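Thanks for coming, everyone. Please have a look at the model on the screen, and then I'll walk you through it.

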Amino acid sequence: MGRLLAKYRDWLLGAGLFCAALALMAYPQESMEAARDGLSLCANVIVPSLFPFFALAALVVELGLSRYLGKLLEGVMAPLFRVNGACASALALGFVGGYPVGARTAIALYEKGQCSKTEAERLLAFCNNSGPAFIFGVVGAGVFASGKIGLLLYLIHLLASLCVGVLFRFYKPSQGPGRGRTARVQFEAVSFPAAFARSVTGSLTSCLNICAFVLLFTVVLRLLALSGALDLLAGGLCALLAPLGLTDVWARKLLTGFLEISSGVSSLTGEGTLSGRLSMAAFILGWAGLSVHCQVLSFLEHSGLSMKTYFVGKLLHGGISAVLAAGLARCLPLEQPVSAYLAEQVDWFAELEFSRALFVSAGAAWGLWLIFVGLSVAALKKSSRKMDQRRV
């Protein structure tokens, strides 16, 4: 089968590009409107929410703060995930910054010699996660009209990610934390002006790469829907998964989320049981969509890291999230007012304007920056005291 696909790969790619060109000529106005929607999404959501965290992640790695932070968190990261403590920065930034901040930080740690190749591949399996702003605002308040459900989905998302991380500690078990490349390479921190300049320019380039994929998949999804190809693919998926009770409507939602996360979760408004919609949303958030995977692939291109652990990790993340969501939807009284205070805070955050959203995102990023600096200073002081005692 693989040889057959390789033999006709060029023909298949050529046919796909020809069909795409025909679709663009058949629906030029709709394609322009889809591109405008993608640009609006990039300007109002993608850039203000991701750029501060990209800059923070780059500074943490460039200045070597993750190495000092690792000295404090080695006792947690090593036994749980079989990675050294410096990898904690990728996990923390991935939980707060959203896609694909965690993956980019993991790749940067490997390229700077602060973790081995195996550790970086383990990190890629579970550190690239959705941020709280997207789950609370878009999914919770926007799709389910409930900050409480947004909070539940975020907690499920975090728990499933940690479960995947624990599972991947058995990936290449002979290679433990702190071995290989990390033990041989001495990290040299650059000056702050140089690190700051590289962080800002590199973060802007990363945001532009992400926006390019968002635009592409926005237009592709619109063309697939207009041409009827999406319904055709959904029908095939429904026939394949008919034993699981998947209908045409749910197959279309699943296929949309498989391609692009924002469109996928937005399709879950309206009809369907709360348990089914919650499980589907959890799976889409865990899987993240091909659009996000292409963004990660653009960072992995010259790193030498494998995408296999990343893809397997995202599939596991989506599956575990869906199972947890289905179980909790039956156990918890989601229709009752639970955790009202947290729900009010989430709903307030979801109603923020662009300027306030940018301010909150930047404030959270630099708050984390100060925490990293404080922990690094504490680690340095502790290390210097030990050195003084040894000299005495």
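One term before the tour. Helices (H or I, at least four residues) and strands (E, at least two) are DSSP runs, numbered from the N terminus. With that in hand, Arg 82 sits in the loop between helix H4 (65–81) and helix H5 (88–97).

Some ground rules. This is a predicted model, where local features need pLDDT of at least 70, side-chain atom pairs count only at pLDDT 80 or more, and totals for chains, interfaces and linings use all residues. Residues are numbered from 1 along each chain as its sequence is written, and side-chain values use heavy atoms, with hydrogens and water left out.

Now the overall picture. The protein chain has 19 helices and zero strands. Of its 392 residues, 45% are buried. Buried means under 20% relative accessible area, exposed means over 50%, and partly exposed is in between, using a 1.4 Å probe and protein chains only. Next, contacts, meaning heavy atoms within 4.5 Å. Take those with a separation of 6 or more: residues 24 or more positions apart account for 79% of them.

Back to Arg 82. Its phi is positive, about 60 degrees, although Arg 82 is not a glycine. Most residues other than glycine have a negative phi. Arg 82 is partly exposed, because its relative accessible area is 22%.

There is also Ala 288. Its phi is positive too, about 85 degrees, and Ala 288 is not a glycine. It lies in the loop between helix H15 (274–287) and helix H16 (290–300). Is Ala 288 buried or exposed? Buried, because its relative accessible area is 0%.

Now the inside. A nonpolar core is a set of buried Ala, Val, Leu, Ile, Met, Phe, Trp, Tyr and Cys residues joined through side-chain atoms within 4.5 Å. The largest one has 62 residues. Leu 123, Leu 124, Val 139, Phe 144, Leu 153 and Leu 278 touch the most other members. Which helix gives the most to this core? Helix H9 (residues 147–167), with eight residues. Apart from it lies another core, of 14 residues, including Phe 53, Leu 93, Ile 210 and Val 214.

Look at helix H7 (residues 117–126). Nine of its 10 residues are buried, so H7 is largely enclosed by the rest of the structure. Among the buried ones are Glu 119, Glu 121 and Arg 122. Leu 123 is buried there as well. Leaving out residues up to four places away in sequence, Leu 123 touches Cys 87, Ala 90, Ala 106 and Leu 109.

On to Thr 105, in helix H6 (residues 101–111). Thr 105 counts as buried because its relative accessibility is 2%. Setting aside neighbours within four places in sequence, it contacts Ala 57, Val 61, Ser 89, Ala 90 and Leu 93. Its side chain also reaches the backbone oxygen of Val 101, at 2.8 Å. And Leu 56? That residue is 49 residues apart from Thr 105 along the chain, with 9.8 Å between their C-alpha atoms.

Last stop, helix H2 (residues 9–26), where Leu 22 lies. Leu 22 counts as partly exposed, because its relative accessibility is 40%.

That's the tour. Questions, please.

Note on methods: Polar contact = N/O pair within 3.5 Å; in protein donor to acceptor, adjacent residues only side chain to side chain.
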